[in-house]
Amino acid sequence: MRPLRRLSVFLAAVLAAGGCSMVDADESLSVLASWTGAEETAFLKVLKGFEDETGIKVNYTGTRALNQVLQADVQKGQAPDIAVLPSPGELANYVRDGYVHDVDGILGDRPEESYSTQWLKLLKVETGKIQAVPVKTDLKSIIWYNPITFGRPPPTSWDELTATTDALRARGVAPWCVGMGATPASGWPGTDWIEDILLHQSGPAAYQRWSAGTLRWDSPEVKRAWTTWGELVTTPGSVRGGTTAALLTEFGDAGRGMFTGPPACMMEHQGSFMLGGYRNQGVPGQNFGYFPFPASAANPKGASEVSADLATMFRPSDRARRFMAYLADERGQKVWPALGSAFSANKKVNVYADDVSRRIAARLISEDTLCFDASDLMPATMSDAFSRAALEYLGNPASLDSLLDSLEKVRTGIDPDDQLEVACGG
Amino acid sequence: MSTTRRDLLRLRTALLVVTATLFVGSLAAFTGVTSTAKAAAARTAPAVLEVMAARAALVRADSAAMTSFQTGQAKLVGPGAQYQNQIAIASQNLARVAEHNAAGESASRTLQLVEGLVVAYGRGIGDADASFRADGPTPLTVAALWYASGLMHGSDSGIVAQLDELAVAQRNALETELSEGWMNPAGSLVWLVPIVVLLGLLVVAQVFGARRFRRTLNPALVAATLLVLLVAGATSTVFFSQDRADVAGETLDKVVSQSKTQTDADALNGKRELEKVLAPQCGDCGESVSAFKAGLGGEASSGGDTVQREVASGATQVDDELDSADRSGFFEYFIPLGTVGIAALVLVGLRRGIDEYRYRAT
C-alpha cells in the first residue's frame with residue numbers, strides 16, 4: 001500500500017471506529033427467527049408495537065437457515081438477544097447446553113391468568129422455570145373439509161371417519177387430500193398423521209413414551225398407527241392420483257382439490273396454519289371448516305397435538321426481558337392473530353374474526369390435554385429418519401416392518417440424554 | 001503596519017489556506033475514487049459474477065443429473081460426471097462469494113441458507129441415485145428427484161431464487177460503492193471549489209501587484225497559476241475514473257442478464273428431463289405436478305458454450321474497465337507535490353512585496 005493511501009485508510013478507520021462505537025452505544029435488541037416474506041411482515045408489526053411502546057429499536061433478522069445461523073452465532077459467542085425457535089426440541093437442546101436464560105417471572109404473580117397450566121408446563125421444558133414464550137401456536141389434530149361438497153355430517157369417531165372414507169371412495173371421490181412435499185423436509189405431513197393416530201389410538205401416555213424415545217418403533221402401538229394410516233390413504237382410490245401423486249404433491253397444494261368442481265378430494269389432515277391458504281379459496285365456515293381428529297377409547301378427552309414457535313432469551317438484559325414480557329403479554333400476542341393468520345396461546349387474546357378461528361383458539365387455550373408435535377421433540381436424526389420413513393411407506397407400504405426396524409435402530413443409537421420427556425401438558 | 005503590507009499578508013494567508021484545502025480535497029478525492037475502483041474490481045464486482053457463476057453451475061448440475069436419470073445412465077454412473085464437476089465448481093464459486101461478500105450480514109445469511117440447501121439438494125440426488133440403482137425408476141426415485149428439483153427451482157425459496165436475491169444484494173452493494181462518497185460527482189466540489197477560489201486569489205494577487213508595484217506580471221504567481229491548472233488536470237482524472245466505473249457497472253449488468261438468460265434456458269432443459277421422468281409414474285400426478293407442467297414454457301437452452309464464452313469475456317471486460325478506473329501511480333504523487341509547489345511559489349511571489357513594506361507607513 002502506498003504511503004498516501006495508508007493515511008487515507010487510517011483516517012477512514014478512525015472514522016469507522018467512531019461510527020461503530022456510536023452503534024454499540026445505541027440501545028437496541030437483536031431478534032433472529034425463521035420468518036421471511038409475508039410472515040416477516042406480520043412479525044415486524046409485532047416488533048413495531050414494542051418499539052413504539054419502549055423506544056428500544058429491534059433489529060430483526062429472518063432466515064430460513066435458522067438452525068445453521070443460530071448454531072454458528074452461538075459457537076462464535078455472538079448469539080442474538082432473542083431467537084425464535086421452531087420446535088421445543090431445539091429449545092431443549094439450547095437449554096441443556098446452558099445457552100438459554102430463563103424468563104421466569106415475566107408473566108407476573110399469576111401466570112395462569114394468561115396461559116393454561118398446559119402451556120406453562122410445556123414452556124418449562126422440564127426445568128421448573130419458564131424458558132420460552134410461544135409467539136405463534138398451531139393446532140394440528142384437525143381435519144379440514146369443504147362443507148358445501150362434503151354432503152354428510154363430519155365424523156365424530158374413528159369408526160365414522162373410516163365409514164366416511166369408505167363411502168366417499170365408493171362414490172368415486174378421493175376422500176383424502178395428501179401432499180408430502182415440503183422441501184427441504186419432505187415427509188413431515190406423514191409424520192403428523194402417524195403422531196395424531198398414535199395419540200388418539202393409544203393415548204397421551206404411550207405418545208409421551210414414544211416421543212421420549214422409550215417406546216420401541218416396532219411396538220404394537222406404533223406399528224398399529226402406521227397400518228391405520230396405510231388403510232386410510234394407501235388403499236386405491238383414497239388419494240387423488242394415488243400414493244405416487246401424494247409423494248409428488250406439495251403440502252400447500254394438496255388441499256386445493258377440495259375447492260375444484262367437482263372436488264378432486266374431500267378431507268385434509270393438516271394444521272391450523274392452513275387457514276391462511278384456505279382463505280384464498282373461500283369464506284371460513286362456508287367454504288371450509290374443520291372437525292377435530294376423532295377421539296377414541298384410549299384418548300376419550302380428545303388430547304390434541306400442537307406446535308409452537310418459541311421465543312427464547314440468549315443474552316439476558318433488562319431490555320431483552322422487557323421484550324419477552326411484551327411478547328408474552330396480551331399486547332404482543334394479539335398483533336399477529338389480529339391479522340388473521342396465526343393463533344395465540346394467551347387466554348386474554350380475543351381478536352379472531354370468524355367462528356372457525358375462534359374454535360381453534362379456544363382449543364389452544366383450554367385445559368384439555370395438549371401434546372407437542374412428537375417429531376418436533378425428537379432429536380434431529382430421529383425426526384429426519386421418521387420423515388423419510390413416512391415417504392418410503394407411502395411409496396412401498398409392504399416395507400413397513402423393515403422401516404420400523406430401521407427406525408428402531410436409529411432410536412437405540414441416540415443418547416438417552418438427548419431425548420425430551422415433555423410431550424404433553426395437563 | 002502599512003495597509004499594503006497588511007493586505008499582502010492577508011492575501012498570502014488566504015492563498016496558503018486555500019492551497020492547503022486543495023491539498024486535502026484533491027488528495028482525498030483522488031485516493032477515494034481510485035481505492036473505490038480498486039476495491040470494486042477486487043471484491044464487489046467479482047462477488048456478483050461469482051454468484052452468477054454458482055447459479056449457472058448448479059443449474060447445469062441439475063440438468064445433467066435429470067438427464068442421467070431420464071436416459072437410464074444413472075443405473076451405471078449415478079447423476080454423472082458432469083453433475084459432480086458442476087457441483088464442485090459451484091462449491092468453489094460460493095466459497096469465493098463468501099470471501100468477497102460486500103453486501104453485509106444479510107447476504108451472509110442468504111449465503112448460509114444457499115449452502116445448506118445445496119447440501120440438502122445433493123442428499124436428494126443421492127437418495128434418487130440409491131433408489132434408482134436398487135429398484136430403477138420407482139415412485140420413490142421420482143419423488144426424490146422431484147424434491148431435489150423443488151430445492152433447486154422453488155419459486156421463492158429455491159436455490160436459484162436465493163442466488164438471484166444474493167446477486168441483487170451484491171449488485172446493490174456495488175451500485176452504492178460506485179455512486180456514493182467520492183464516486184459521487186458532487187464529491188468533486190471539495191477540490192473544484194478550492195481550485196476556482198485559488199485561481200481567483202492568484203488573479204487578485206496579480207492585479208494587486210500591478211497596481212501597487214507597477215509590475216506587469218509576478219512570475220512566481222504565474223508559475224503557481226500554471227501549477228494549479230496542472231493539479232486541477234491531474235485531479236480531474238477522477239471524472240474519467242467515475243465514468244469508467246459507470247461503464248463497468250453497465251457491462252456487469254449486461255453480463256448478469258446474459259448469464260441469467262442462459263441459465264434459465266439450461267434450467268428449462270433440466271425441468272423437461274424431469275417431466276419425462278415423471279410421465280410414466282402417474283396419469284394424474286396431483287396439483288403440484290400439474291402446475292409444474294403448465295409452467296414449462298419458454299426457450300430451452302441452445303448455444304450454451306457461445307453464451308458462456310460471451311459471459312466470460314464480459315467478466316474480463318468488467319475487470320478491465322474497473323482497472324482502468326484506477327488511475328493511481330504518477331498522479332498520486334504529483335497532486336500533493338504540486339500543491340506543495342503552489343504554496344512555495346505563493347510564498348516566493350509575495351515575499352518581495354511584504355519585505356518592501358515592512359517599514360513603510362502606507
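In this predicted model, the contact between the two chains draws 31 residues from chain B and 34 residues from chain A. On the side of chain B that touches chain A, at least two residues each come from α1 (3-71), α4 (104-135), α5 (139-153), α10 (287-294) and α12 (330-356) of chain B. Among these helices, α5(B) gives the most, with seven residues. Sorted by class, the side of chain B that touches chain A holds 15 nonpolar, 11 polar and five charged residues. For the complex, the predictor reports an ipTM of 0.83 together with a pTM of 0.84.

We turn next to chain A. Chain A contains 19 helices and 10 strands. Its radius of gyration is 23 Å, close to the 22 Å that the globule rule gives for 426 residues, so chain A is as compact as a globular protein of that length. Taken along the principal axes, the box that the C-alpha atoms of chain A fill is roughly 85 × 50 × 45 Å. Of the 426 residues in chain A, 49% count as buried, and among the contacts of chain A with a separation of 6 or more, 78% are made by residues 24 or more positions apart.

How far can the model of chain B be trusted, and where is confidence lowest and highest? Across chain B the mean pLDDT is 88, with 95% of the residues reaching 70 or more. Within chain B, confidence is lowest in helix α11 (residues 304-325), where the mean is 77, and highest in helix α3 (residues 81-100), at 95.

Helix α7 (residues 189-213) of chain B has 25 residues, and the distance from its first C-alpha to its last is 35 Å, close to the 36 Å expected at 1.5 Å a residue. Which residues of α7(B) are buried? They are B:Trp191, B:Pro194, B:Ile195, B:Leu198, B:Leu201, B:Leu202, B:Ala205 and B:Gly209. An α-helix has 3.6 residues a turn, so residues three or four places apart point the same way. The buried residues of α7(B) pack against α1, α8 (219-235) and α12 of chain B, and of these partners, α1 and α12 are also among the helices that supply at least two residues each to the side of chain B that touches chain A. After α7(B) comes B:Arg214, whose phi is positive, near 55°.

Conventions:
Residues numbered from 1 in each chain as written. Chains lettered and ligands numbered in written order. Predicted model: local features only at pLDDT ≥ 70, side-chain atom pairs only at ≥ 80, totals over all residues. pLDDT = per-residue confidence, 0-100. Helix = DSSP H or I, 4+ residues; strand = E, 2+ residues; numbered from the N terminus. Contact = placed C-beta atoms within 7 Å. Nonpolar A, V, L, I, M, F, W, Y, C, P; charged D, E, K, R; others polar. Rg over C-alpha atoms; globule rule 2.2 N^0.38 Å. Buried ≥ 20, exposed ≤ 12 C-beta atoms within 10 Å, placed from the backbone. Expected span 1.5 Å × (residues − 1).
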